[in-house]
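Thanks for coming. Please have the sequence and the structure open.

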Amino acid sequence: MSQVTLPDLPYSKDALEPHISAETLEFHHDKHHAAYVNKLNELLPGSGLEGKELDEIIKTSAKDDSKTAIFNQAAQVWNHTFYWNSMTPNGGGEPTGELKDKINEAFGSYAKFREEFKNAAVSQFGSGWAWLVADSEGGKLSIMKTSNADTPMVHGKVAVLTCDVWEHAYYIDYRNRRPDYVDTFLDNLVNWEYANAKYHERSAGVEE
(Lines give C-alpha, C1' and ligand atoms only; values in the text may rest on other atoms or scores of the structure.)
Protein backbone atom coordinates (compact mmCIF):
# COMPACT_ATOMS: atom_id res chain seq x y z
CA MET A 1 0.00 0.00 0.00
CA SER A 2 1.33 3.41 -0.97
CA GLN A 3 2.20 5.54 2.04
CA VAL A 4 2.71 9.25 2.51
CA THR A 5 6.40 9.93 3.00
CA LEU A 6 8.32 12.65 4.82
CA PRO A 7 9.99 14.89 2.24
CA ASP A 8 13.59 15.89 2.78
CA LEU A 9 14.31 19.50 3.65
CA PRO A 10 15.28 21.46 0.51
CA TYR A 11 18.51 22.55 2.26
CA SER A 12 20.82 21.32 5.02
CA LYS A 13 19.69 21.76 8.61
CA ASP A 14 22.23 24.50 9.25
CA ALA A 15 21.55 26.38 6.00
CA LEU A 16 19.16 28.91 7.55
CA GLU A 17 21.45 29.86 10.42
CA PRO A 18 21.72 32.25 12.18
CA HIS A 19 18.04 33.00 11.51
CA ILE A 20 16.68 29.50 12.21
CA SER A 21 18.96 27.05 13.96
CA ALA A 22 19.80 23.51 13.00
CA GLU A 23 18.34 22.49 16.36
CA THR A 24 14.97 24.01 15.44
CA LEU A 25 14.93 22.21 12.08
CA GLU A 26 15.94 18.94 13.74
CA PHE A 27 12.95 19.13 16.07
CA HIS A 28 10.53 20.78 13.64
CA HIS A 29 11.20 18.61 10.59
CA ASP A 30 12.56 15.37 12.01
CA LYS A 31 10.12 15.14 14.92
CA HIS A 32 7.02 17.33 14.43
CA HIS A 33 6.66 16.97 10.65
CA ALA A 34 7.60 13.29 10.81
CA ALA A 35 4.98 12.70 13.51
CA TYR A 36 2.22 14.09 11.26
CA VAL A 37 3.36 11.77 8.45
CA ASN A 38 3.47 8.73 10.73
CA LYS A 39 0.07 9.44 12.29
CA LEU A 40 -1.51 10.00 8.89
CA ASN A 41 -0.22 6.65 7.68
CA GLU A 42 -1.72 5.02 10.78
CA LEU A 43 -5.12 6.59 10.07
CA LEU A 44 -5.41 5.97 6.33
CA PRO A 45 -6.02 2.19 6.24
CA GLY A 46 -9.76 1.56 5.96
CA SER A 47 -10.55 5.22 5.29
CA GLY A 48 -11.09 4.89 1.57
CA LEU A 49 -8.28 7.38 1.02
CA GLU A 50 -5.43 4.90 0.82
CA GLY A 51 -3.08 5.58 -2.08
CA LYS A 52 -4.59 8.97 -2.85
CA GLU A 53 -2.50 12.07 -3.49
CA LEU A 54 -2.03 14.26 -0.43
CA ASP A 55 -4.07 17.19 -1.78
CA GLU A 56 -6.95 14.83 -2.58
CA ILE A 57 -6.80 13.39 0.95
CA ILE A 58 -6.98 16.93 2.35
CA LYS A 59 -9.86 18.12 0.17
CA THR A 60 -11.91 14.97 0.72
CA SER A 61 -11.38 14.73 4.48
CA ALA A 62 -12.15 18.44 4.92
CA LYS A 63 -15.73 17.77 3.81
CA ASP A 64 -16.29 14.77 6.10
CA ASP A 65 -16.60 15.33 9.85
CA SER A 66 -15.78 11.67 10.45
CA LYS A 67 -12.36 12.24 8.89
CA THR A 68 -11.28 15.31 10.89
CA ALA A 69 -8.30 13.46 12.38
CA ILE A 70 -7.10 12.53 8.89
CA PHE A 71 -7.54 16.11 7.70
CA ASN A 72 -5.54 17.51 10.61
CA GLN A 73 -2.57 15.22 9.97
CA ALA A 74 -2.68 15.45 6.15
CA ALA A 75 -3.00 19.23 6.07
CA GLN A 76 -0.14 19.61 8.53
CA VAL A 77 2.05 17.40 6.34
CA TRP A 78 1.23 19.59 3.33
CA ASN A 79 1.52 22.91 5.20
CA HIS A 80 4.93 22.04 6.59
CA THR A 81 6.28 20.94 3.22
CA PHE A 82 5.10 24.24 1.75
CA TYR A 83 6.71 26.16 4.62
CA TRP A 84 10.12 24.54 4.11
CA ASN A 85 10.01 25.56 0.46
CA SER A 86 8.86 29.08 1.36
CA MET A 87 12.31 29.68 2.87
CA THR A 88 15.79 29.70 1.36
CA PRO A 89 19.27 30.69 2.52
CA ASN A 90 19.99 34.34 1.72
CA GLY A 91 16.32 34.95 0.99
CA GLY A 92 13.88 37.61 2.10
CA GLY A 93 13.51 41.25 1.26
CA GLU A 94 11.53 42.67 -1.61
CA PRO A 95 9.81 40.35 -4.07
CA THR A 96 11.18 39.53 -7.47
CA GLY A 97 9.70 38.43 -10.78
CA GLU A 98 6.00 38.48 -11.53
CA LEU A 99 5.07 38.79 -7.86
CA LYS A 100 6.80 42.15 -7.55
CA ASP A 101 4.20 43.77 -9.80
CA LYS A 102 1.31 41.69 -8.45
CA ILE A 103 2.11 42.62 -4.83
CA ASN A 104 2.32 46.31 -5.74
CA GLU A 105 -1.00 45.95 -7.57
CA ALA A 106 -2.76 44.19 -4.68
CA PHE A 107 -1.30 46.05 -1.69
CA GLY A 108 0.00 49.33 -3.12
CA SER A 109 3.62 48.63 -2.15
CA TYR A 110 5.89 45.95 -0.74
CA ALA A 111 5.99 47.90 2.53
CA LYS A 112 2.21 47.65 2.84
CA PHE A 113 2.26 43.94 2.00
CA ARG A 114 4.96 43.39 4.62
CA GLU A 115 2.94 45.25 7.23
CA GLU A 116 -0.23 43.27 6.50
CA PHE A 117 1.54 39.91 6.33
CA LYS A 118 3.35 40.52 9.62
CA ASN A 119 0.11 41.61 11.27
CA ALA A 120 -1.61 38.40 10.12
CA ALA A 121 1.25 36.27 11.46
CA VAL A 122 1.54 38.06 14.79
CA SER A 123 -2.20 38.39 15.42
CA GLN A 124 -3.03 34.73 14.71
CA PHE A 125 -4.29 33.61 18.13
CA GLY A 126 -2.68 30.38 19.20
CA SER A 127 -1.27 28.02 16.60
CA GLY A 128 -1.60 28.52 12.88
CA TRP A 129 -0.26 30.01 9.68
CA ALA A 130 -0.01 33.29 7.77
CA TRP A 131 -0.38 32.99 3.99
CA LEU A 132 -0.01 34.97 0.82
CA VAL A 133 -2.65 33.43 -1.43
CA ALA A 134 -3.97 33.94 -4.94
CA ASP A 135 -7.34 33.46 -6.58
CA SER A 136 -7.08 30.63 -9.10
CA GLU A 137 -9.09 32.75 -11.54
CA GLY A 138 -7.51 36.13 -12.20
CA GLY A 139 -4.65 35.65 -9.77
CA LYS A 140 -5.56 38.42 -7.34
CA LEU A 141 -3.35 38.27 -4.26
CA SER A 142 -4.52 38.52 -0.66
CA ILE A 143 -3.36 37.61 2.83
CA MET A 144 -5.12 35.09 5.01
CA LYS A 145 -4.40 33.38 8.30
CA THR A 146 -5.50 29.91 9.29
CA SER A 147 -5.71 28.16 12.65
CA ASN A 148 -4.09 24.86 13.51
CA ALA A 149 -4.02 22.65 10.38
CA ASP A 150 -6.39 24.70 8.23
CA THR A 151 -5.03 25.36 4.75
CA PRO A 152 -5.93 27.64 1.82
CA MET A 153 -6.77 24.90 -0.67
CA VAL A 154 -9.98 24.02 1.18
CA HIS A 155 -11.07 27.64 0.87
CA GLY A 156 -10.58 27.79 -2.89
CA LYS A 157 -7.31 29.69 -2.67
CA VAL A 158 -3.88 28.91 -4.10
CA ALA A 159 -1.03 29.11 -1.58
CA VAL A 160 1.87 31.29 -2.69
CA LEU A 161 3.86 31.76 0.54
CA THR A 162 3.46 30.75 4.18
CA CYS A 163 4.94 31.46 7.59
CA ASP A 164 4.41 28.87 10.33
CA VAL A 165 3.44 30.53 13.61
CA TRP A 166 3.03 27.41 15.72
CA GLU A 167 5.33 27.90 18.70
CA HIS A 168 7.47 24.91 17.74
CA ALA A 169 8.51 26.84 14.60
CA TYR A 170 10.34 29.53 16.56
CA TYR A 171 10.45 28.92 20.31
CA ILE A 172 13.96 27.43 20.50
CA ASP A 173 15.43 30.45 18.69
CA TYR A 174 13.07 33.28 19.61
CA ARG A 175 11.27 32.12 22.76
CA ASN A 176 8.02 34.12 22.94
CA ARG A 177 9.18 36.82 20.48
CA ARG A 178 6.96 35.89 17.57
CA PRO A 179 7.19 39.39 15.99
CA ASP A 180 11.00 39.09 15.80
CA TYR A 181 10.70 35.67 14.16
CA VAL A 182 8.25 37.03 11.59
CA ASP A 183 10.53 39.99 10.85
CA THR A 184 13.41 37.58 10.30
CA PHE A 185 11.29 35.38 8.05
CA LEU A 186 10.34 38.34 5.86
CA ASP A 187 13.73 40.04 5.80
CA ASN A 188 16.07 37.04 5.53
CA LEU A 189 14.29 33.83 4.58
CA VAL A 190 11.44 34.26 2.07
CA ASN A 191 11.99 32.21 -1.09
CA TRP A 192 10.56 34.51 -3.76
CA GLU A 193 11.61 32.12 -6.53
CA TYR A 194 9.39 29.40 -5.08
CA ALA A 195 6.56 31.87 -4.45
CA ASN A 196 6.74 33.02 -8.06
CA ALA A 197 6.59 29.41 -9.24
CA LYS A 198 3.51 28.70 -7.11
CA TYR A 199 1.83 31.86 -8.39
CA HIS A 200 2.62 30.96 -12.00
CA GLU A 201 1.20 27.44 -11.55
CA ARG A 202 -2.09 28.62 -10.07
CA SER A 203 -4.10 28.53 -13.32
CA ALA A 204 -3.22 24.88 -13.81
CA GLY A 205 -4.23 24.04 -10.24
CA VAL A 206 -0.79 22.60 -9.59
CA GLU A 207 0.23 22.63 -5.92
CA GLU A 208 3.01 20.67 -4.28
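D187 and R114 form a salt bridge, with 3.0 Å between the closest N and O atoms. This is a predicted model, so please keep that in mind. The two partners come from distant parts of the chain: D187 sits in helix α7, residues 178–189, and R114 in helix α5, 73 residues apart.

Are the two partners buried or exposed? D187 has a relative accessibility of 38%, which makes it partly exposed. R114 is at 18% and counts as buried, because the cut-off for buried is under 20%.

Which residues belong to the network around this pair? R114, K118, D183 and D187 are linked by salt bridges.

Helix α5, residues 110–123, also holds the pair K112 and E115, which are three residues apart and therefore separated by about one helical turn. They form a salt bridge, and here the closest N and O atoms are 3.7 Å apart. K112 is partly exposed, with a relative accessible area of 32%.

One more pair: D30 forms a salt bridge with K13, at 3.1 Å between the closest N and O atoms. D30 lies in helix α1, residues 22–43, while K13 lies in the segment before α1, 17 residues apart. D30 is partly exposed, at 32% relative accessible area. For K13 the relative accessible area is 32%, again partly exposed. Over the whole structure, the search finds eleven salt bridges.

Now the sheet. In what order do the strands lie? The order is β2-β1-β3, in an open sheet of three strands with antiparallel pairing. β2 and β3, the latter covering 157–164, are the edge strands, each pairing on one side only. From one strand to the next, the twist averages 30°.

Helix α4, residues 97–107, packs on this sheet and touches β1, β2 and β3; its direction makes about 80° with that of β2. Helix α8, residues 192–201, also packs on the sheet and touches β1, β2 and β3, and its direction makes about 160° with that of β3.

Last, the hairpin. Strand β1, residues 128–135, is joined to strand β2, residues 141–147, by seven bridges, and the two run antiparallel.

Terms used. Residues are numbered from 1 along each chain as its sequence is written. This is a predicted model: local features need pLDDT of at least 70, side-chain atom pairs count only at pLDDT 80 or more; totals for chains, interfaces and linings use all residues. Side-chain values use heavy atoms; hydrogens and water are left out. Two strands pair if DSSP finds at least two bridges between them. Helices (H or I, at least four residues) and strands (E, at least two) are DSSP runs, numbered from the N terminus. Axes are lines fitted to C-alpha atoms, for helices over the stretch in contact, and angles run from 0 to 180 degrees between N-to-C directions. Contact means heavy atoms within 4.5 Å. A salt bridge is a side-chain nitrogen of Lys or Arg within 4 Å of a carboxyl oxygen of Asp or Glu. Buried means under 20% relative accessible area, exposed over 50%, partly exposed in between (1.4 Å probe, protein chains only).
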